[in-house]
Amino acid sequence: MTKSDLRIIFMGTPEFAVETLRALVDGGYNVVAVVTQPDKPVGRHQDTLQPSAVKQYAVEHGLPVLQPVKMKDPAFVEELKSYDADLQVVVAFRMLPEVVWAMPRFGTFNVHAALLPQYRGAAPINWAIINGETQTGVTTFFLDHDIDTGRIIMQEPFEIKDDYNVEDVYNGLMRLGADVALNTIDKIIDGEGHVDSLPQSEMIAVGQELHNAPKIFKETCAIDWQATARRVRNFIRGLSPYPGAWTNMVDENGKSSVLKIFKTTETAMPCNGKAPGTIMAHDGKLLTATTDRWLQLDEIQLSGKKRMDAKAFLNGMRDIGKYRLGNKDER
């Protein structure tokens, strides 16, 4: 079996998935169709349809595109069958019903941005950084009935450096994911459709804690200042640059504005009993108290303003001491 013999259907939506699709096309693999989300309404009146990044790439390269609203739609299922794919490759897409993932004779594998069984879920990159992990990676696994629980084919680790935020890890895993996907397909080709895989249950040590990676919502991004400087910093970089960690900036009268924080630096200065969320200017720097040490705020964005560094923020802010960070009912 060769690359041109193996008929592949690719499924994905965001830019993260494009890297793998591009690698397949550039590598000469036989991608017979692409499945992606329906075009998304955008604009003030929601009257403009925006195609996904995967669709844009597929159209530019002459690949057939399928955009089902419902994955169980009989018309879609029949159209999918018509491509007679041997294998389906999924990257950053939606949950598939069995009628779809069980269709190809060699099955369907997913490229997941974590080292399963850790960080199953929609936001593995964010949660790995939020939890202070120093390593993550990419896993390819066969889809089955439960999300992110299928048999593992390959894994490759990726170092999370101390100054990395979501964008850094995202870009690294995007490239690594494409490499691992191609290596996985090559193993399937070499094995004439048969490839060794390992149940995730065999990879879980007795007593091992598994971290999940649920979807991120606005409420998820609210900063809890009742934590150490290290935990707050990890939380902020785990949501930077998007969607962005936020807090309320509250004045002495209880009036508040939303403040997004994108970058911080830990200091060695103890807070000495200052209430978490207390803010002050010190040597031209903007500092916030946590439960142990002062945290330096480096890049921030006040509601209605542009993102800026702390120096520019302080230049336009009088009497910073009358404010605090947190819920407005905490003062």
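Biologist: What volume does the largest pocket have?

Modeller: This is a predicted model, and in it the largest pocket has a volume of about 1,300 Å³. Its lining comprises 36 residues, of which Pro 14, Ala 92, Ala 122, Ala 123 and Pro 124 are the closest to the centre. By class, that lining has 24 nonpolar, five polar and seven charged residues. At least two lining residues come from each of α1, β6 (87–91), β7 (108–112), α5 (124–130) and α6.

Two of these contributors, α1 and α6, also pack against each other. Helix α1 covers residues 15–26 and helix α6 residues 166–190; their axes lie 9 Å apart at an angle of about 40 degrees. The crossing of α1 past α6 is right-handed. On the α1 side the contact is made by Glu 15, Phe 16, Glu 19, Thr 20, Ala 23 and Leu 24. On the α6 side it is made by Tyr 170, Leu 173, Met 174, Arg 175, Gly 177, Ala 178, Ala 181, Leu 182 and Ile 185. Sorted by class, this contact has 10 nonpolar, two polar and three charged residues.

Pro 14, among the residues closest to the centre of the largest pocket, also lines the second largest pocket. That second pocket has a volume of about 240 Å³. Besides Pro 14, its lining consists of Thr 13, Gln 37, Pro 38, Lys 40, Gln 50, Pro 51, Ser 52 and Ala 53. The lining of the second largest pocket divides into four nonpolar, four polar and one charged residue.

Methods:
Residues numbered from 1 in each chain as written. Predicted model: local features only at pLDDT ≥ 70, side-chain atom pairs only at ≥ 80, totals over all residues. Heavy atoms only, no water. Axes fitted to C-alpha atoms, helices over the stretch in contact; angles between N-to-C directions. Helix = DSSP H or I, 4+ residues; strand = E, 2+ residues; numbered from the N terminus. Left-handed = near helix turned anticlockwise from the far one by under 90°. Contact = heavy atoms within 4.5 Å. Nonpolar A, V, L, I, M, F, W, Y, C, P; charged D, E, K, R; others polar. 1 Å grid on protein atoms, 1.4 Å probe; cavity = no way out; pocket = protein on both sides within 12 Å on 5 of 7 lines; lining within 4 Å. Points joined across faces, edges and corners; volume = space filled by probe spheres on them.
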